[in-house]
Amino acid sequence: MSEPSQPLLEARDVSKTVRGPEGRLDILAGVSLAVHAGESFAIVGASGSGKTTLLGLLAGLDVPSTGAIHLGGQPLQAMDEEARADLRRRLVGFVFQSFHLLPALTAEENVMLPLELEGRDDARQRAHDALDAVGLHARRRHYPAQLSGGEQQRVAIARAFVHGPRVLFADEPTGNLDQRTGRHVADLLFALNRDHHTTLVLVTHDAQLAARCGRGVELMEGRVATPAAAR
Amino acid sequence: MKLLRLALRTLRREWHLPELRTLAASLLLAVVSLGVVATLASRVERGLLASAAELIGGDAGLSAPQALPPPYATEARQRDLAVTRSAGFPSVAFAGERGQLLDVDAVDGAWPLRGTLELAAHGATSAGHGPAAGTVYLDHRALVALGLGVGDRVQVGGQELTVAAELVSQPDGGQLFALAPRALMNLADAQRAGLLGVGSRARHRLLVAGAPAAIGDWLAWVKSRPLPQGAELVTPEQTQQRMRNAFDRAGAFLRLTALLSALLAGVAIALAAQRYARRKTPEIALLRALGTARARVFALLLATLGALALPAALLGVLLSWALAEGAWRLAGATFVHVPTALPLLPAWGAAAMGLAVLAGFALPPLARLAEVPPVAVFRASMARRVRRVDALYLVPGLVALALIWSQSGSAKLAGILAVSLFGVALLAALLALVLLWFARRIAPGAHPALRLGLAALARRRGLSTVQATALSLGLVALLLLAVVAPALLEGWRRELPADTPNWFVLNLQDDQRADFTARLQRLGAQELNMLPLAVGKLAAINGKPVDQLHFADPRAKEWADRQLRLSWTGTLPPSNRVVTGRWAGAHPPDAEVSVDTMWRDMFALKIGDRMRFDVGEGTLEATVGSVRQVDWSSFRVNFFLLLDPAHASDLPHTWLASFYLPRGHADALAKLSRDYSNLSLVDVDALLDRVREIVAQVGGAVRWVLGFSLLAGGLVLAAALATSAAERRHEAALLRTLGARRGQLRLAAACEFALLGLIAGLTAALGAFGAGWWLGRAVFRLDDFVPPPVPLLASALAAAVVIMLLGLAGTRKVTRTSPMRLLREG
């Protein structure tokens with residue numbers, strides 16, 4: 001696979017340290033990786049290895065203690081939270097393990113949310129299209145509590161894709177689902193990744209799911225144990 | 001025991017939760033506001049009753065047209081009460097060639113049991129009791145009319161008596177002035193003279209005095225059996241009408257304010273309990289999943305609530321006592337001259353009521369909490385399914401109604417408050433729903449921040465409605481207290497302006513008028529008003545002599561026997577309102593009389609009836625032309641019967657004058673009084689002062705309660721905003737993750753809270769205006785009272801701004817929520 005010269009997402013020697021009750025705690029140390037546009041990239045590792053922290057840093061939800069992260073060519077560590085929020089709105093979509101749909105909103109309204117933040121007038125139409133794409137158009141007026149776990153995650157995927165992000169971050173997207181539903185959701189994620197040419201960054205400890213990604217890294221106690229390589 | 005220990009442990013662990021602290025603080029506030037007001041009100045009432053008792057000469061009693069049977073006195077003595085008997089009747093006294101009709105009170109040696117009988121003899125004044133046998137006390141007018149001095153002999157009812165002293169003042173039931181000169185004689189003398197026998201026009205009284213509990217017990221005994229024919233209870237509450245109005249209004253004000261702050265606290269409790277229930281849901285689901293029985297879960301919740309509530313209520317009681325005592329020392333003692341002890345019971349009653357409020361408002365969500373299904377441990381959404389119509393939620397409504405009923409002391413006040421508050425709640429909920437519906441419709445085309453804010457409100461439709469309703473109820477209570485109550489008080493105060501006539505002059509003759517008026521004006525008297533006064537008797541109605549007529553109302557006979565005060569004027573006096581018929585004016589073709597509503601009812605009079613009056617040697621027959629509603633609480637001279645001047649002015653009459661003279665002119669007036677020895681000058685400053693002091697006292701108490709209410713209002717606001725804090729935080733984190741800017745979130749929150757504040761402020765202003773208007777008329781009898789719309793609206797808008805600012809301040813933390821939170825939550 002030939003790589004484009006400029007990665008869409010790049011981390012260089014990133015570390016994250018926090019202060020805990022027992023003093024300094026290194027969550028990540030010296031992590032470097034690069035993800036190119038249209039790729040699917042897995043971050044795997046045991047619980048507590050720092051996967052989610054790394055995902056948060058890559059998505060600009062937090063800043064590294066040292067090192068540099070570039071998203072879409074922009075240095076995240078040099079930007080304040082507001083600028084990062086702006087960048088996220090334009091470039092990023094999220095899928096969470098616990099779906100994080102707003103319980104008081106219908107499926108359709110949940111999907112509209114990122115578009116409303118952008119102030120787009122065609123929010124409803126695009127939300128319809130997105131729900132169509134995940135096969136939930138008929139259930140667009142349902143509230144999250146009226147949907148199954150798999151359906152909720154499909155709504156979350158529709159919400160993640162609706163504004164056409166360049167990168168989709170997914171944190172254990174199938175972790176709360178049974179195997180069959182999980183497979184369907186994963187199929188959907190990869191199909192959208194392929195059809196929309198969206199870069200997919202996936203955190204999982206599901207080896208099968210990780211195996212479906214083009215490349216990935218394995219973290220162990222905050223360090224890269226297996227460097228990124230084409231799979 | 002184990003349960004209690006577990007409850008205490010739970011409480012210790014959860015004490016840091018804001019909703020538990022709000023619960024405790026709300027309960028504390030409810031108890032303290034109810035307790036302080038109830039304690040103060042009870043003490044003020046006791047003091048007022050004690051001062052009113054001074055006006056009637058005893059704590060309570062009976063009055064009847066015949067001597068009261070011995071058991072009434074025996075029962076009183078058995079309860080260690082002091083007893084006195086007296087009888088009042090008109091009688092003509094003679095001294096040499098002169099005769100004078102007197103208002104005579106025949107009293108025993110114990111009279112008065114309360115208050116002071118002031119006597120003057122040989123240049124010195126002293127306090128005394130009823131005259132000894134063979135002696136009499138005469139007032140200044142009687143002495144002048146009969147040409148007597150202290151030590152002289154006078155004949156009353158055929159008995160030769162010695163004038164032992166001049167009667168200066170006596171407990172007289174708060175009468176402004178007596179029609180005829182007054183005399184006090186010994187009861188035994190009157191009995192011997194046959195003045196009190198069958199057929200006499202005497203009004204007999206039996207008064208008792210003693211410990212409040214014993215008085216209450218005696219009154220209960222009296223009320224437990226039929227009263228003797230024509231007998232009436234005499235209680236301090238039933239003293240002079242002017243004072244009674246003041247008592248009623250004062251009581252209504254105090255109860256209203258305490259009630260509103262307790263309801264405010266109830267709203268805060270309800271909101272905090274809801275939030276607590278939501279927070280506890282996963283824990284309860286876990287307990288249930290682990291096999292804890294529903295009943296045990298409920299018992300644990302109740303025990304935790306009890307462990308929180310009982311100490312808070314106890315603290316409330318202690319604080320109520322301390323604050324009530326402090327307030328009394330600051331203000332109360334200057335007003336009520338009679339020493340009173342701190343009443344301890346009302347604060348306990350307030351604690352019980354506070355606990356009832358807590359139980360009523362907090363129980364429904366907690367009871368529902370016990371029903372959380374164990375499966376909710378797997379899916380939180382299972383626990384969120386709330387039944388839309390839940391009979392349990394009637395409980396707070398019923399508690400509020402019971403509270404309103406028990407505290408207001410008046411069905412009218414209770415009804416108005418209940419309807420107003422219910423109306424405000426309904427209006428707020430409706431307005432919130434309509435605006436939210438509207439918000440959804442306009443949201444797509446609105447500014448992004450406004451759209452987000454509207455969307456946020458619309459998203460939490462249920463919560464937003466609860467918030468708007470709670471805030472409206474809180475605000476309406478605050479507006480009623482802060483804007484309407486002072487305006488009502490001001491209306492009351494205006495009824496007694498500074499230049500309210502404080503002197504009355506009786507017995508002014510035609511030829512004295514001009515000179516007397518000129519001298520008064522030189523003294524600086526203002527508001528001089530003179531009315532003719534004729535004394536006569538009702539002789540016939542529609543041609544039938546009154547002694548042949550039978551009336552259903554027993555008072556009619558007494559009034560028919562009495563000497564009546566008649567007056568005439570061409571213009572309707574200020575505190576009078578014609579309710580039926582037409583005011584005659586100065587020159588009607590035939591003689592007309594205008595009667596007040598009490599007379600209409602007593603004698604079953606209607607327009608067109610003819611009444612004949614005997615005045616001196618003459619008679620006058622007049623047609624009833626109008627019926628008047630008279631405000632007897634005004635300090636003006638009012639008459640039951642008003643004739644037209646064209647036909648009445650020839651009747652033999654004197655003049656009655658009222659005027660305002662600033663204080664400090666007593667010496668000049670005394671000289672005036674000496675120069676016109678036939679006149680009676682009556683000073684009503686003391687009575688005016690008393691009413692004004694009641695107004696001031698109530699104003700002070702309202703301010704006290706307002707302080708508590710503001711705190712309770714703050715709690716409601718905090719609790720209302722806190723109800724949505726958790727959702728807000730989660731939402732903010734999600735929106736941040738999706739790229740929302742902090743400014744965008746803040747602006748959205750500002751729009752959201754401004755809208756919420758606007759809904760609450762507008763409904764509250766409307767509600768307070770309506771309730772105030774209604775209360776003013778129906779309860780406080782201020783017929784022209786209009787709640788001030790501008791301050792109400794301004795306060796409502798200010799409250800909306802405060803809600804917005806506080807809401808924004810509360811969301812600061814929320815907008816700073818790290819988006820990482822979501823990833824960490826999974």
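A crossing of two helices is left-handed if the near helix is turned anticlockwise from the far one by less than a right angle, and right-handed if clockwise. This is a predicted model, in which local features need pLDDT of at least 70 and side-chain atom pairs count only at pLDDT 80 or more, while totals for chains, interfaces and linings use all residues. Residues are numbered from 1 along each chain as its sequence is written, and chains are lettered from A and ligands numbered from 1 in the order in which they are written.

**Chain A overall**

- Chain A holds seven helices and ten strands, these being DSSP runs numbered from the N terminus (H or I, at least four residues, for helices; E, at least two, for strands).
- Of the 231 residues in chain A, 51% are buried, that is, have 20 or more other C-beta atoms, placed from the backbone, within 10 Å of their own.
- When contacts (C-beta atoms, placed from the backbone, within 7 Å) in chain A are taken between residues at least 6 apart in sequence, 67% of them join residues at least 24 apart.

**Helices α3 and α4 of chain A**

- Helix α3(A), residues 107–118, packs against helix α4(A), residues 123–133, at an angle of about 125 degrees, with the axes 8 Å apart; axes are lines fitted to C-alpha atoms over the stretch in contact, and angles run from 0 to 180 degrees between N-to-C directions.
- That angle makes α3(A) oblique to α4(A), since angles under 35 degrees count as roughly parallel, over 145 as roughly antiparallel, 65 to 115 as roughly perpendicular and the rest as oblique.
- The crossing of α3(A) past α4(A) is right-handed, and the residues making the contact include Val111(A), Met112(A) and Leu115(A) of α3(A) and Ala127(A), Ala130(A) and Leu131(A) of α4(A).

- Not counting residues up to four places away in sequence, Ile269(B) touches Leu23(B), Ser26(B), Leu27(B), Val357(B), Leu358(B), Phe361(B) and Ala362(B).

**Helices α14 and α22 of chain B**

- The axes of α14(B), residues 461–494, and α22(B), residues 742–778, come within 7 Å and cross at roughly 40 degrees, and the two helices are therefore oblique to each other.
- The crossing of α14(B) and α22(B) is right-handed.

Note on methods:
A residue is buried if 20 or more other C-beta atoms lie within 10 Å of its own, exposed if 12 or fewer, and partly exposed in between; C-beta atoms are placed from the backbone. Two residues are in contact if their C-beta atoms, placed from the backbone, lie within 7 Å.
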